[in-house]
Each structure stands twice: as structure tokens, then as C-alpha cells.
Amino acid sequence: MTRRKFIKKLINTGVMVMAGAWCLAKKTIPRKFIRAVKSDSFPGSLKPLRDIKCESKWSG
Amino acid sequence: MKVQCELCPKICLIAPGQSGECRVRVNIDGVLRTVVYGYPCSIHIDPIEKKPLFHFLPGSKILSVATVGCNLHCKNCQNWEISQANPEESQAFACPPQELVKLTNQNHCPSLAYTYTDPIVYYEYTYDTAKLARQADIRNVLVTAGYINEEPWKQLLKYVDAANIDLKGITDDFYRRVCSGTLKPVQNALVLAKGSGILVEVTNLIIPTLNDKPEQIGRLVRWIKANMGSDTPLHFSGFYPRYKMQHLPPTSQKTLELARQIGMGEGLEYVYIGNLFSKEGENTYCPSCKSLLIERVGYSILKNRLKDGNCPDCGKEINGVWK
């Protein structure tokens, strides 16, 4: 192996190691949570509020 | 431009015009928007025992609210008509946080539940309403699968008084196959909630052939005891064939009674049975002297012998929020 090839290989390996470390670090650093913005309107249809005093049919 | 939602462990990378897995968090012109904020699909007044919460203001009514959407896709979902609905195809009420707090007060409910689907996906609506409710002396209750990232969870817990959190299974494989989720974030959410000082009750839905083996139940119970404490109330709930699991039979009484026995045998102090009638499985007993403290049938309280949160016979303090 020539000196030029060796240095090229060394640089490539170094770059790959750095990229790998960056990916790992990105995964381990806690992500900053940003709230979603309230939408201007509801995409479905709206209905009037009916009697809420009856027990729900839904579980929970 | 794509946006990344950091709310839950799915961390969806959302293309313009598309929504995350929950269907309700949408990339509109490069901005992450919640399209269900202030638009619940369901508002009802339920008994608190229906959540189920057995150690939080027993016998009280709770205003219960939900929007469409969920970040999990459980094949057995009992509420799939709303949890798996697209907002575009659904109907909702216009009810901003202030209105919800007003409704709670008008109906003399001491607490407000964010429930039915999963309050995680309508996080901002839950958070803002809970903050306002706290100012109005209304208690906040979450009924959730706990599939959320740590930072938003910690922020929300500041305004929460009690939660019923599902622990649907005790293996990652179960969560992946049945719920399209993972186990670890749920365990983290449970531990964080308990550590925050709020009342936490846990629900485990027992599905025949999938998570009903005694060794699986034993493992789940031991995890709760080791990580959340023996005073954590646990509800074993019966499965009914629904949604994509109509081929399985309902959970038998025998399985639920066995699960309760395992739970109590492993040292959990309050183990309940839900979704099926059980003579003793709905009652609260003193873990110290074994006397009957709260007698329940369905969602009704027949007898409540607690004295300021203590057993009237031996004086043991019972974990809960009683007034």
C-alpha cells in the first residue's frame, strides 16, 4: 500500500467513525419537545352539544 | 418541508399535507398542527369507577372528554370507532378549554377525565384544559396507554392528579404485534407518573391466548410491585371480541379470578377485576387486617367504611385520594 492510499483510507475511516458517533449522539440526546399549533378549523363536521349527562358507551 | 413530531416514541417524520400515525397531528405548510384542539368527539358524565379509578374520590361523577385519534392501533380496541377514525370523516363539538372547565363546574363534577381514546394525541388540548381546570379547583384525570416521550409527559404530569395507565402486556413482542407500539416507553411513563406523586392505577386487559398465561401475569405483577410499589391498584380487565380480534373468545371469569389471586399472592395490595361481575374482585379490602373497606357492584358504591383514608378497624392508611 502506498503512503497516499494509506492516508486516504485513514481519512475515510475517520469520517465514517465520526458519522457513526454523530448518529448515536443524535439518538441519545433527549429531544426537545415542541407543541403543535392549534389548527384554525376542524377538518370534519361539527355537531351541536347534546345531553352530556348520560353515561358514555365508550370504554374508559 | 417535513416536520418531526416529538410527542410520542413514534417520532413521526411528517410530509406536508400528511398526518402522523395518530391521524390528528398534521403538517400544514411546514408547521406541526393539532387539528382536534378544542374539538372533542365525545363529552359525557361518567361514574369515576368506570375509568376505572377505585382509589380516587369514590362514588363521584367525572366529566369525560375525548377527541378522535390514537398513537397506538390495538387490534382489540374497544373504542376503535373513535380511536382509529380520521378527523376528516368524524363529527365533533366545538368546545375550547374554557368551555370544558365551565361544563365541569356547571355539572358539579369535582374532576375532569381525558379518556376514551388517548389524551396523549390531543396533548395540547389536554394540557391547556388541565392548566385551566387546576386554577378552577377541578382535578385532572388521565386514562391513557402511556405511550409518550419523557419531556412532554413530565410537563403534563404537573397538572394531573390521577391516572389510569394501561400496561397491556409485559413483553415487547406483545406491544409490537397487538398494539403497534413498544413496551419500554410505557414502563418509563408508569414509573415517571408514580414518581411524580400522583395517584396511579394500572389496567391490564387479559386477552385469551395472547397474555393470559399465569407466568405472563406473574411477570407483569412482579414488575409493578418492584417498580411502582405494592400499594399500586391493579385492574385485571376482561376482553370482549372487538375490532380486529373478533375471532377470540371473551376472557373467562376463571382467568380473571386466577389473575387476581396471582396479583395478591405476589404481594400487590389492591387487585381488582373489571368488565365482568365479581363478588369480591370489585371491593377494596384492608391489606393489613383484611376487613372490607369499600363494597362495589359495577360502578356503584354500596358501602364506604374508610375514615379519612384509613381503615376504621386497624387504622392502616390506604393509598388514594379520598376527598
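## A tour of chain B and its meeting with chain A

Begin by colouring the two chains separately: 38 residues of chain B are in contact with 25 residues of chain A, where two residues count as in contact if their C-beta atoms, placed from the backbone, lie within 7 Å. What you see is a predicted model, in which local features need pLDDT of at least 70 and side-chain atom pairs count only at pLDDT 80 or more, while totals for chains, interfaces and linings use all residues. To find each selection, note that residues are numbered from 1 along each chain as its sequence is written, and that chains are lettered from A and ligands numbered from 1 in the order in which they are written.

**Where the chains meet**

On the side of chain B that touches chain A, select β4 (31-34), β5 (42-47), β7 (91-92) and α4 (150-157) of chain B, the elements that give two or more residues to that side; helices (H or I, at least four residues) and strands (E, at least two) are DSSP runs, numbered from the N terminus. Of these, β5(B) gives the most, with five residues. Coloured by type, the residues of this side divide into 18 nonpolar, 10 polar and 10 charged, with Ala, Val, Leu, Ile, Met, Phe, Trp, Tyr, Cys and Pro counted as nonpolar, Asp, Glu, Lys and Arg as charged, and the others, Gly among them, as polar.

Next, show strand β2 (residues 45-46) of chain A together with β7(B): the two run parallel and are joined by two bridges, and two strands are said to pair if DSSP finds at least two bridges between them. Here A:Leu46 stands opposite B:Ala92.

**A sheet within chain B**

Now move to the open sheet of three strands in chain B, which has the order β14-β15-β16 with antiparallel pairing. Its edge strands, each pairing on one side only, are β14 (284-285) and β16 (300-304) of chain B.

Select β14(B) with strand β15 (residues 292-297) of chain B, and look for two bridges between them: B:Thr284 has B:Ile294 as its bridge partner, and B:Tyr285 has B:Leu292. These two strands form a hairpin with six residues between them, and B:Lys290 in the turn has a positive phi of about 70 degrees.

The hairpin of β15(B) and β16(B) has two residues between the strands, and B:Gly298 takes a positive phi near 60 degrees.

**Two pairs of helices**

Select helix α2 (residues 97-106) and helix α3 (residues 123-135) of chain B, which pack at an angle of about 50 degrees with their axes 9 Å apart; axes are lines fitted to C-alpha atoms, for helices over the stretch in contact, and angles run from 0 to 180 degrees between N-to-C directions. The two helices are therefore oblique to each other, since angles under 35 degrees count as roughly parallel, over 145 as roughly antiparallel, 65 to 115 as roughly perpendicular and the rest as oblique. Among the residues that make the contact are B:Leu100 and B:Val101 of α2(B) and B:Leu132 and B:Ala133 of α3(B).

Finally, select helix α7 (residues 214-228) and helix α8 (residues 253-265) of chain B, which pack at an angle of about 40 degrees with their axes 9 Å apart. B:Pro214, B:Ile217, B:Gly218 and B:Val221 in α7(B) meet B:Leu258, B:Ala259, B:Ile262 and B:Gly263 in α8(B), and the residues of this contact divide into six nonpolar, two polar and no charged.
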